[in-house]
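Reader: I have not seen this one before. Could you walk me through it?

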Amino acid sequence: MVDENKVKQVVDPGKRDGGGPPGFELPLLLFAGFRTLIDKLHAELARQGHPGIRPAHGFALQAIGLGPDAASTSEVGRRLGVSKQAAGKTVDRLVELGYAERADDPADARRKLVRLTSRGRDALARSAAIFDELRADWAATLGERRLGELEGALRQVTPADSFGLDASAWLRG
């Protein structure tokens, strides 16, 4: 049975004992900031000729591009923290959209490799440039010093290896 009073404490910030904002606001604000950046990124990518790309595709493109030239679907899945089947579906979609291609593995005829196409490399390069612009927008709003402090503070409270691509592992639960 759900305690309605506890539920109301989470959704009603006015019902809080103690000082400062309620703890649940922090992850919501961080997520809202992330979502704002990602939504603006994808709107600009669409404007620049990449209308079909989605956030999951960006993670997959990075996972494919991590290797020296190409990766197997299994390797992409490991890098993303998803099953080979889930990685395969994402790779299939990237191939359909022209961002990736499959090729025979010269070392193993039974294995297919996935590599980025010029369109995939273009999407990643444009994403990097757009993220730089979005950061500049935040710096213009917050000031470079405050934004730098925010980034520094987040580096202090996040693990050094938090830039891995395996976001799905903690979303699966």
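Reader: Before that, what am I looking at, and how is it numbered?

Author: This is a predicted model, in which local features need pLDDT of at least 70 and side-chain atom pairs count only at pLDDT 80 or more, while totals for chains, interfaces and linings use all residues. Residues are numbered from 1 along each chain as its sequence is written, and side-chain values use heavy atoms, with hydrogens and water left out.

Reader: OK. How many helices and strands does the chain have?

Author: There are 8 helices and 2 strands. Helices (H or I, at least four residues) and strands (E, at least two) are DSSP runs, numbered from the N terminus. The order from the N terminus is α-α-α-α-α-β-β-α-α-α.

Reader: And what share of the chain is buried?

Author: Of its 173 residues, 27% count as buried. Buried means under 20% relative accessible area, exposed means over 50%, and partly exposed is in between (1.4 Å probe, protein chains only). The accessible surface of the chain is about 11,700 Å², with 57% of that belonging to carbon and sulfur atoms. Such areas come from the Shrake-Rupley method with a 1.4 Å probe, and for residues only the protein chains shown count as cover.

Reader: What about contacts between residues at least 24 apart?

Author: They make up 50% of the contacts in the chain between residues at least 6 apart in sequence. A contact means heavy atoms within 4.5 Å.

Reader: Now the inside. Which residues touch the most other members of the largest nonpolar core?

Author: Leu41, Ile53, Leu61, Ile64, Val76, Leu94 and Tyr99 do, out of 21 residues in that core. A nonpolar core here is a set of buried Ala, Val, Leu, Ile, Met, Phe, Trp, Tyr and Cys residues joined through side-chain atoms within 4.5 Å. Helix α3 gives the most to this core, with 4 residues. In soluble globular proteins, nonpolar side chains tend to be buried together.

Reader: Take Ile64. What is it in contact with?

Author: Leaving aside neighbours within four places in sequence, Ile64 is in contact with Ala71, Val76, Arg79, Leu94, Ala100, Val114, Arg115 and Leu116.

Reader: And His57, where is that found?

Author: His57 is in helix α3, residues 55-65. His57 counts as buried, at 8% relative accessibility. Not counting residues up to four places away in sequence, His57 touches Gly52, Thr90, Arg93, Leu94 and Leu97.

Reader: Switching to the outside: which residues form the nonpolar patch?

Author: Leu26, Leu30, Leu150, Leu154 and Val157 form it, with about 440 Å² of accessible area together. Patches are made of residues with over 30% relative accessible area and no salt bridge; like charges are joined within 9 Å, and nonpolar side chains (Val, Leu, Ile, Met, Phe, Trp, Tyr) within 5 Å. Helix α7 gives the most to the patch, with 3 residues. Leu26 is found in helix α2 and counts as exposed at 55% relative accessibility.

Reader: How many aromatic pairs are there?

Author: The whole structure has 1 aromatic pair. Phe31 and Phe34 form this tilted pair, 6.4 Å centre to centre with 35° between the planes. Rings of Phe, Tyr and Trp (its six-membered ring) pair if their centres lie within 6.5 Å; planes under 30 degrees apart count as stacked, over 60 as edge-to-face and the rest as tilted. Phe31 and Phe34 are 3 residues apart in helix α2, separated by about one helical turn.

Reader: Last topic. How many salt bridges?

Author: The count comes to 12 salt bridges. A salt bridge is a side-chain nitrogen of Lys or Arg within 4 Å of a carboxyl oxygen of Asp or Glu. One of them joins Arg102 and Asp92, whose closest N and O atoms are 2.7 Å apart.

Reader: What does the Arg102 and Asp92 pair tie together?

Author: Arg102 lies in strand β1 (residues 100-105) and Asp92 in helix α5 (residues 84-97), so the pair ties together parts that are 10 residues apart in sequence.

Reader: Which other salt bridges could I look up?

Author: Asp105 and Arg111 meet in one, at 2.7 Å from N to O. Asp105 counts as buried at 10% relative accessibility, whereas Arg111 is partly exposed at 31%. Arg135 also forms a salt bridge with Glu151, with 2.8 Å between the closest N and O atoms. Arg135 is in helix α6 (residues 118-142) and Glu151 in helix α7 (residues 144-157), so that pair links parts 16 residues apart in sequence. Salt bridges that share partners join Arg135, Glu144 and Glu151 into one network.
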